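Have a look at the model first, then work through the tasks one at a time.

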Amino acid sequence: MQQPIIESMSEPVYIDLVSDYAFKRIFGSEPNKDLLISLLNGLFRGRKSIVDLLYEKNEHVGDSEEIGTVIFDLICTADNGEKFVIEVQRTAQINLKKRMLYYSSKLIADQAPKGKRRAWNYAITEVYIVVLMDGFTFSQAEESSAVIHDICLCNRETGRVFYEELGFIYVQLRNFTKVEAELENDLDRWLYVLRNMSKLNKIPVYLKKTIFEKLFKIAEYAKLNKEERAMYDVSLKRKWDAEAVRQYQEQQLSEAIQKGLETGIEQGIEQGIEQGLKKGIKEGIERGAEAKSYEVVENLINELKLTDDIIVRVAEVSLDFVQKVRADLARDKK
């Protein structure tokens, strides 16, 4: 199978599309809205056909407390004239599902008029949240293997759709592994360039379409001026730092679970009964995880010099826990 055309020089030919700056530059402006329309139509896979979109309030890195977040609020027009709201996110993984529920609820609540609720009669526009998950997947085994999760409200007993007009599309880019010769449609092509653009040195033959030719021209690193390159480099470093933290957490959690299991099994064998084994495993996992959490927080303080509020979100621990570790470190230095 044909492999990507990889650039060997240190300076890239194309920018990384899923860095915050590049994502905002490529997909967040009126002249380039045809690129975002093409991507969204691919993700809807025939259920919607968007012909136009209007950018509402755009929130990007620096506007909020989130780490590594780009948000586009869009009013979309379909080919049948219907209008609906989409929020597109290039986002971090912390409390992902809950945050998407919050954002979708806000998009719905913001539609309510100040008065005349009875006349409005809850005429809610369709709302969709599209999330590009870069470098991570859902934690549950049954969720983590797919490339796309297309979520809607359904009846738990029958599986039938209960409400069609609120949806979540999660794209786990990490799971998209097709090479150029395996690309079958525009969705495949978009997922391929989102994963591989910064590694390429020219547009592949499988992407010789007008929309992708425009994308490759806009995404040329050489076309960035000095200020734009600086902004892009900072954004790329943020992405790399976040990925390094994520990988470190993943490694530490795996080691903690393994250590906890070993401790629990040993205790269970010593007690010699099934109940003792279960209790020992649980306690061992908890002790191992707590020890590793302490080590993770210690490294985030010493190595990355992160603030307490960022450590709380990255390590998923309480503020009290972070402050305890920081106090211990300060005491040890005396």
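**Exercise 1.** How close do the axes of helix 6 and helix 7 come, and at what angle do they cross?

*Solution.* Before we start, note that this is a predicted model, in which local features need pLDDT of at least 70 and side-chain atom pairs count only at pLDDT 80 or more, while totals for chains, interfaces and linings use all residues. Residues are numbered from 1 along each chain as its sequence is written, and side-chain values use heavy atoms, with hydrogens and water left out.

Step 1: the two axes come within 12 Å and cross at roughly 10°. Axes here are lines fitted to C-alpha atoms, for helices over the stretch in contact, with angles running from 0 to 180 degrees between N-to-C directions. Helices are DSSP runs of H or I with at least four residues, strands are runs of E with at least two, and both are numbered from the N terminus.

Step 2: helix 6 is therefore roughly parallel to helix 7, a label for angles under 35 degrees; over 145 counts as roughly antiparallel, 65 to 115 as roughly perpendicular and the rest as oblique.

Step 3: on the helix 6 side, D186, R189, W190 and V193 meet I211, F212, L215 and F216 of helix 7, where contact means heavy atoms within 4.5 Å. By class, this contact has 6 nonpolar, no polar and 2 charged residues. Ala, Val, Leu, Ile, Met, Phe, Trp, Tyr, Cys and Pro count as nonpolar, Asp, Glu, Lys and Arg as charged, and the others, Gly among them, as polar.

**Exercise 2.** Is R189 buried or exposed?

*Solution.* Step 1: locate R189, which sits in helix 6.

Step 1: R189 has a relative accessible area of 16%, so it is buried. The cut-offs are under 20% for buried, over 50% for exposed and partly exposed in between (1.4 Å probe, protein chains only).

Step 2: leaving aside residues up to four places away in sequence, R189 touches L183, E184, Y206, L207, K209 and F212.

**Exercise 3.** Which residues of helix 7 are buried?

*Solution.* Step 1: within residues 210–218, the buried ones are I211, F212, L215, F216 and I218.

Step 1: viewed down the axis of helix 7, these residues fall within an arc of 165° (taken from the directions from the helix axis to the C-beta atoms), so they line one face of the helix. As a reminder, an α-helix has 3.6 residues a turn, so residues three or four places apart point the same way.

Step 2: T210 and K217 are exposed on the face of helix 7 turned away from its buried side. Among the elements covering the buried residues are helix 1 (20–27), helix 2 and helix 6.

**Exercise 4.** How do helix 2 and helix 6 cross?

*Solution.* Step 1: the axes of helix 2 (residues 33–44) and helix 6 (residues 186–196) come within 8 Å, crossing at roughly 120°. Helix 2 is therefore oblique to helix 6.

Step 1: the crossing is left-handed, meaning that the near helix is turned anticlockwise from the far one by less than a right angle; clockwise would be right-handed.

Step 2: helix 2 contributes L35, S38, L39, G42 and L43 to the contact, and helix 6 contributes L187, W190 and L194. These residues divide into 6 nonpolar, 2 polar and no charged.
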